[in-house]
Amino acid sequence: MTDADSPHGRTVEFAVSAVDWRGRSISVGCAPSSGYVFPIGTTTVTCSAADAGGRTASESFTVRVNGVPEQLAALRAAVVAAGLETKTTEKLTSQLDDVRKQLEATRTTAVCGGLSDFVDAVQRQSGKSSAAADADAFVAGAQRMRAVLSCA
Amino acid sequence: MLEGTTGSVYASNVDAGFTDDEPAAASWYDGATVWFAWDAPQNGTLQLGADADWETTHVAVFAGEPTAASEPVVSEYAGVTLEVVGGTRYYIAVDTEWSPGDFFVTWSFAGSSAPSNDMWSFAQPIAGVSGGVSGTTVGATAEADEPGDAAHSVWFHWIAPEDGVVVFSVDGGQSVQAYSGFWLGGLKSLGASGPVTAGDVLSVRVAGSTPSPFTLAWQTAPAPAPTVTVPRA
């Protein structure tokens, strides 16, 4: 599971391997392949291999790319879990709640603005009531959602 | 070439000579040596005679192609009896004592009671993904270079028809071992079971310290499909 970082989703790399019945490494191919830009949502990847004797095997796994709603919920949960001052937590979660409402109303411009306001608020609090590392993570999360939404 | 297990040929050593590359032990007095060859089909006993009604003959037998320095397995007047090893070519030199002339060469072979697959080079072919075959180590012996220490052994050759894991088993108080390799002194043990790839040639040795009839059985489990490892969801 990973977060989208563009409107198209996210480039995901993964490692797979295959061995024949005698434990010798053999080539394996996957569709979609590693390095593919996975769209937002769940995509099933199927990997197949064939040994020298023509025996084949396949395994599948899923890649989940979170869109803005999931990322927004995760960011809100992270803010709550950060242990900030109550007043700061309330302010930041309130901002995110507003963003969610705008998102549900498909008001993209308002969502972009709300996320921008959230970034400003976090940066003002950075080093005061929130740890710099937390602040950086919150800002990165908000900026990533702005990238997904193609905010100006 | 003397063909078959018994027979007789009319021969002559008139005008026969003796060359430097012939073993000295092949010649009698006059050096008029003529040569014959015979292939032993299996272990057993060979009787050879060179009969001339006017002269005493001399017969010398060499195992394998002789050189000038070779010594005969046996040499006697008129005829010899010797134990032969299956798969070996024997070279027979016949000479006369005083003067050359015509004579009959006769031979008679009696196979020993040893199984035909007593020797690795005469291994009995077996085939199939699975199967069984009866055999015996009664009368069998161990060759000098063969692996294992049991005194009585016989051999089979099996070609893997497909990829898989083959398991050999034997009853009659005998043991079974499979080997890879293409010469007796260089065989590599695989145990009684192991992975094989289609086309692999295995030498299968059934042996026992107490010889006995047996049934050799084998079964090949097909090779499983490859294993693909992917990330956990």
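These questions and answers walk through a predicted model with chains A and B.

Student: What order do the elements of chain A run in, from the N terminus on?
Tutor: Start with the totals. Chain A has four helices and seven strands. From the N terminus on, its elements run β-β-β-β-β-β-β-α-α-α-α.

Student: How many helices and strands does chain B have?
Tutor: Chain B is 233 residues long, and 44% of them count as buried. Its secondary structure comes to zero helices and 18 strands.

Student: In chain A, what share of the contacts with a separation of 6 or more comes from residues 24 or more positions apart?
Tutor: Chain A has 152 residues, of which 38% count as buried. In chain B, residues 24 or more positions apart account for 78% of the contacts with a separation of 6 or more. For chain A, that share is 52%.

Student: Are α1(A) and α2(A) roughly parallel or antiparallel?
Tutor: Look at the angle. α1(A) and α2(A), residues 86-104, pack at about 170°, with their axes 10 Å apart. Angles over 145 degrees count as roughly antiparallel. The two helices are therefore roughly antiparallel.

Student: By class, which residues make the contact of α1(A) with α2(A)?
Tutor: From α1(A) come Val68(A), Pro69(A), Leu72(A), Leu75(A), Arg76(A), Val79(A) and Val80(A). By class, the contact has ten nonpolar, two polar and three charged residues.

Student: How far does helix α4 of chain A reach from its first C-alpha to its last?
Tutor: α4(A) covers residues 132-148, which is 17 residues. At 1.5 Å a residue, 24 Å is expected. The helix comes close to that, reaching 24 Å.

Student: What do the buried residues of α4(A) pack against?
Tutor: First, the residues themselves. Ala135(A), Phe138(A), Val139(A), Gly141(A), Ala142(A), Met145(A), Arg146(A) and Val148(A) are buried in this helix. They pack against α1 (68-81) and α3 (108-125) of chain A.

Student: Which residue just after α4(A) takes a positive phi?
Tutor: Most residues other than glycine have a negative phi. Just after α4(A), one residue takes a phi of about 60°. That residue is Ser150(A).

Student: Is the peptide bond from Ala31(A) to Pro32(A) cis or trans?
Tutor: Pro32(A) sits in the loop between β4 and β5 (36-38) of chain A. Most peptide bonds are trans. The bond from Ala31(A) to Pro32(A) has omega near -5° and is cis.

Student: Is Ser27(A) buried or exposed?
Tutor: Ser27(A) is in the loop between β3 (17-19) and β4 (28-31) of chain A. Its relative accessibility is 62%. Over 50% counts as exposed. So Ser27(A) is exposed.

Student: Leaving aside neighbours within four places in sequence, which residues is Ser27(A) in contact with?
Tutor: Ser27(A) and Ala50(A) are 23 residues apart along the chain. Their C-alpha atoms are separated by 7.7 Å. With neighbours within four places left aside, the contacts of Ser27(A) are Ser48(A), Ala49(A) and Ala50(A).

Student: Is Ser203(B) buried or exposed?
Tutor: Ser203(B) lies in strand β16, residues 201-208 of chain B. Under 20% relative accessible area counts as buried. Ser203(B) has 1% relative accessibility, so it is buried.

Student: Which side chain makes a polar contact of 3.3 Å with that of Ser203(B)?
Tutor: Residues touching Ser203(B) include Trp155(B), Phe156(B) and Tyr179(B). The side chains of Ser203(B) and Trp120(B) make a polar contact of 2.9 Å. The 3.3 Å contact joins Ser203(B) to the side chain of His157(B).

Student: Where is Asp15(B), and what is its relative accessible area?
Tutor: Asp15(B) has a positive phi, near 70°. Its place is the loop between β1 (6-12) and β2 (34-39) of chain B. Asp15(B) is exposed, with a relative accessible area of 76%.

Student: What is the relative accessible area of Ala78(B)?
Tutor: Ala78(B) lies in the loop between β5 (74-77) and β6 (79-84) of chain B. Its phi is positive, near 70°. Ala78(B) is partly exposed, with a relative accessible area of 34%.

Definitions and conventions: Residues are numbered from 1 along each chain as its sequence is written. Chains are lettered from A and ligands numbered from 1 in the order in which they are written. This is a predicted model: local features need pLDDT of at least 70, side-chain atom pairs count only at pLDDT 80 or more; totals for chains, interfaces and linings use all residues. Side-chain values use heavy atoms; hydrogens and water are left out. The expected span of a helix is 1.5 Å times one less than its number of residues. Buried means under 20% relative accessible area, exposed over 50%, partly exposed in between (1.4 Å probe, protein chains only). Contact means heavy atoms within 4.5 Å. Axes are lines fitted to C-alpha atoms, for helices over the stretch in contact, and angles run from 0 to 180 degrees between N-to-C directions. Angles under 35 degrees count as roughly parallel, over 145 as roughly antiparallel, 65 to 115 as roughly perpendicular and the rest as oblique. Ala, Val, Leu, Ile, Met, Phe, Trp, Tyr, Cys and Pro count as nonpolar, Asp, Glu, Lys and Arg as charged, and the others, Gly among them, as polar. A polar contact is a pair of N or O atoms within 3.5 Å; within protein, one must be able to donate a hydrogen and the other to accept it, and residues adjacent in sequence count only if both atoms are side-chain atoms.
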